[in-house]
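Subject: Structure for you to look at

Dear colleague,

Here is the structure I promised to pass on, with my notes set out below it. Please open it alongside the text and follow the residues as they come up.

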Amino acid sequence: MSETRVHLSKTEPAAYQALDAFSKTVGQICAANGIDDRLKEIVMIHCSQLNGCAYCVRIHVDRAVAAGVDTDVLTQISTWRESGVFSDRERAALELAEAFTFISEDGVSDDVYDRVGSVFTEKEYAALSWACVSINAFNRIVIAGRYPVPPRASQEQA
């Protein structure tokens, strides 16, 4: 992972700034439509885990902690189907995150759409969907550019 790649955000900053502005708009849509930071960050983490994006996982774990997500919940995200720590809303959001991340496989199937739609309003569904679109775009930029995830200072001393 030490190979240097084109850093898209530095090479073409206008496109990255547009994506960043889009992401901020998505955050506003989530807040306006009843998706709190806790739920949004759980979705961001799961999409990033599924894509294998360590850089975005780190960022969104930090944001999730700031939003009050505890360690137990954080460690259960990748195994949410087998875990009892998630609410119905969180489970539906995690399922939607998987559908959007792996959209090329089955799209958003009628079963997923119906299950998620039975838990969320149309506005909440739209907000979560845009959140998934946003984080999946960032994951692709970061993974393609192999953005580094160095140990934190406290880890280096341990």
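I will start with E95, which, leaving out residues up to four places away in sequence, touches W80, R81, V112 and R115. This is a predicted model, and everything that follows should be read with that in mind. E95 lies in helix α6, and because its relative accessible area is 11%, under the 20% limit, E95 counts as buried.

**Helix α6 against helix α9**

The helix that carries E95, α6, also packs on α9, with the two axes 10 Å apart and an angle of about 45 degrees between them. That angle makes α6 oblique to α9, and the crossing of the two helices is right-handed. On the α6 side the contact is made by R89, A93, L96, A97, F100 and T101, and on the α9 side by E124, Y125, L128, S129, C132, V133, N136 and R140. Sorted by class, the residues of this contact of α6 with α9 are eight nonpolar, three polar and three charged.

The residues that make the contact are L39, V43, M44, C47, S48 and N51 from α3, together with L128, A131, C132, I135, N136, N139, R140 and I143 from α9. By class, the contact of α3 with α9 has nine nonpolar residues, four polar residues and one charged residue.

For α4 and α9, the axes come within 8 Å and cross at roughly 130 degrees, and these two helices are therefore oblique to each other. In this contact Y55, C56 and H60 of α4 meet I135, F138, N139 and V142 of α9, and the residues divide into five nonpolar, two polar and no charged.

**The nonpolar cores**

Which residues touch the most other members of the largest nonpolar core? In this core of 29 residues, they are I35, V43, V116, F120 and L128. At least two residues of the core are supplied by each of α2 (13-32), α3 (37-51), α6 (88-101), α8 (110-117) and α9 (122-145), and the largest share, nine residues, comes from α9.

**E41 and H60**

E41 has its place in helix α3, and at 4% relative accessibility E41 counts as buried. Not counting residues up to four places away in sequence, E41 touches H60, R63 and A64.

H60, for its part, is in helix α4 (residues 54-66) and is likewise buried, with a relative accessible area of 6%. Apart from neighbours within four places in sequence, the contacts of H60 are E41, M44, I45 and I135. H60 and E124 are 64 residues apart along the chain, and their C-alpha atoms are separated by 20 Å.

D20 is found in helix α2, and D20 is partly exposed, with a relative accessible area of 27%. From D20 to G145 the distance is 16 Å, C-alpha to C-alpha, while in sequence the two are 125 residues apart.

Where is R146 placed? R146 is in the loop between α9 and α10 (153-157), and R146 is partly exposed, with a relative accessible area of 28%. The phi angle of R146 is near 50 degrees, which is a positive value in a residue other than glycine.

With best wishes

Technical notes
Residues numbered from 1 in each chain as written. Predicted model: local features only at pLDDT ≥ 70, side-chain atom pairs only at ≥ 80, totals over all residues. Heavy atoms only, no water. Core = buried A, V, L, I, M, F, W, Y, C linked by side-chain atoms within 4.5 Å. Buried < 20%, exposed > 50% of the residue type's maximum accessible area, 1.4 Å probe, protein only. Helix = DSSP H or I, 4+ residues; strand = E, 2+ residues; numbered from the N terminus. Axes fitted to C-alpha atoms, helices over the stretch in contact; angles between N-to-C directions. Parallel < 35°, antiparallel > 145°, perpendicular 65-115°, else oblique. Left-handed = near helix turned anticlockwise from the far one by under 90°. Contact = heavy atoms within 4.5 Å. Nonpolar A, V, L, I, M, F, W, Y, C, P; charged D, E, K, R; others polar.
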